[in-house]
Amino acid sequence: MARGRSDIADRLLDADEVERVFVLLRDAMGGDMAGAKGPKGQPDAFRACIACMLSAQSRDANTTAATKALFRLAKTPQAILELDENTLIDAIRPAGLYNNKAKAIRKFCRQLIDERNGAVPDTRAGLMAMHGIGRKCADIVLSFTFGGDAIAVDTHVGRVCERTGLAIGSTEAAIAAALDQRAPDWAKPEGHFWLIRLGKRICTSRAPKCPDCFLNQLCRYPDKRV
Ligand code: SF4
């Protein structure tokens with residue numbers, strides 16, 4: 001449904017409210033971040049990029065199975081390019097969309113070798129110039145591998161931002177750009193984890209637990225339950 005400017009302005013939290021939401025998020029959803037899985041748990045930028053590409057429309061467990069199978073066979077761009085097509089596809093099959101993902105991974109590896117001498121860029125613009133890397137993957141790699149201040153927006157983070165009024169946009173990339181402008185700097189290093197935890201534990205897709213939610217007073221979701 002199309003949204004007008006005034007509708008969006010009504011739905012957005014103001015700067016003080018955004019700050020208060022992040023304080024509440026930090027207090028309720030903070031804690032041990034060491035157990036991050038999937039693209040966030042990879043030991044280097046190259047593997048983080050590949051894992052992120054494999055994670056598209058794939059459950060965490062399936063992404064993990066695919067990354068483990070692939071990285072058992074090859075851990076570098078050159079080694080992946082040396083795999084034959086069927087071997088690559090068989091390894092990444094658990095993550096689904098394996099034909100397209102195999103093509104994207106090969107193009108990414110080729111570009112990395114030809115244009116970057118094998119080095120993964122460490123800026124958002126540089127990452128997004130690579131084949132197969134969109135805003136979400138760029139922010140994940142930026143944040144989790146290079147320690148940059150970026151809140152990556154996936155489906156859970158995007159849903160929470162839209163419902164609460166933290167940031168609104170027509171795509172995950174647009175929400176990420178808006179959130180980057182609106183979130184306080186102190187919240188950016190761990191903000192992704194806090195928002196994703198809220199989205200998985202409380203502000204779930206089908207039945208958000210609004211009556212139990214610590215953001216109930218501030219949240220601008222028109223259908224929230226009180
Ligand atoms: S009040 Fe409801 S809609 Fe708003 S953040 Fe909490 S669970 Fe989500």
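Reader: Which residues are closest to the ligand, and how many surround it?
Author: In this predicted model, 13 residues surround the ligand, and the closest are Cys-203, Pro-208, Cys-210, Cys-213 and Cys-219. A residue counts as near when its C-beta atom, placed from the backbone, lies within 6 Å of the molecule. Residues are numbered from 1 along each chain as its sequence is written. As the model is predicted, local features need pLDDT of at least 70 and side-chain atom pairs count only at pLDDT 80 or more, while totals for chains, interfaces and linings use all residues.

Reader: How does that shell divide into nonpolar, polar and charged?
Author: The shell has eight nonpolar, two polar and three charged residues. Here Ala, Val, Leu, Ile, Met, Phe, Trp, Tyr, Cys and Pro count as nonpolar, Asp, Glu, Lys and Arg as charged, and the others, Gly among them, as polar.

Reader: Changing topic, what are the domains?
Author: The assignment for the protein chain gives domain 1 (5-33 + 150-212) and domain 2 (43-144); such bounds come from an automatic or database domain assignment. Taken over C-alpha atoms, the centres of domain 1 and domain 2 are separated by 27 Å.

Reader: How many residues of each are in contact?
Author: Nine residues of domain 1 contact eight residues of domain 2, a contact being two C-beta atoms, placed from the backbone, within 7 Å. On the domain 1 side, helix 11 (residues 172-182) gives the most, with three residues. Helices (H or I, at least four residues) are DSSP runs, numbered from the N terminus. That side of domain 1 divides into six nonpolar, one polar and two charged residues.

Reader: Where is Leu-179, and why is it classed as buried?
Author: Leu-179 is in helix 11. Leu-179 is buried because 27 other C-beta atoms lie within 10 Å; the class requires 20 or more other C-beta atoms within 10 Å of the residue's own, with C-beta atoms placed from the backbone. Setting aside residues up to four places away in sequence, Leu-179 touches Ile-151, Val-153, Cys-161, Leu-166 and Ala-167.

Reader: And the largest nonpolar core, which residues have the most contacts inside it?
Author: Those are Cys-49, Val-141 and Leu-179, in a core of 60 residues. Such a core is a set of buried Ala, Val, Leu, Ile, Met, Phe, Trp, Tyr and Cys residues joined through C-beta atoms within 7 Å. Helix 3 gives the most to this core, with eight residues. The core draws at least three residues from each of domain 1 and domain 2.

Reader: How many residues of helix 3 are buried?
Author: Nine of the 10 residues in helix 3 (residues 45-54) are buried, including Phe-46, Arg-47 and Cys-49.

How values were computed: Buried ≥ 20, exposed ≤ 12 C-beta atoms within 10 Å, placed from the backbone. Helix = DSSP H or I, 4+ residues; strand = E, 2+ residues; numbered from the N terminus.
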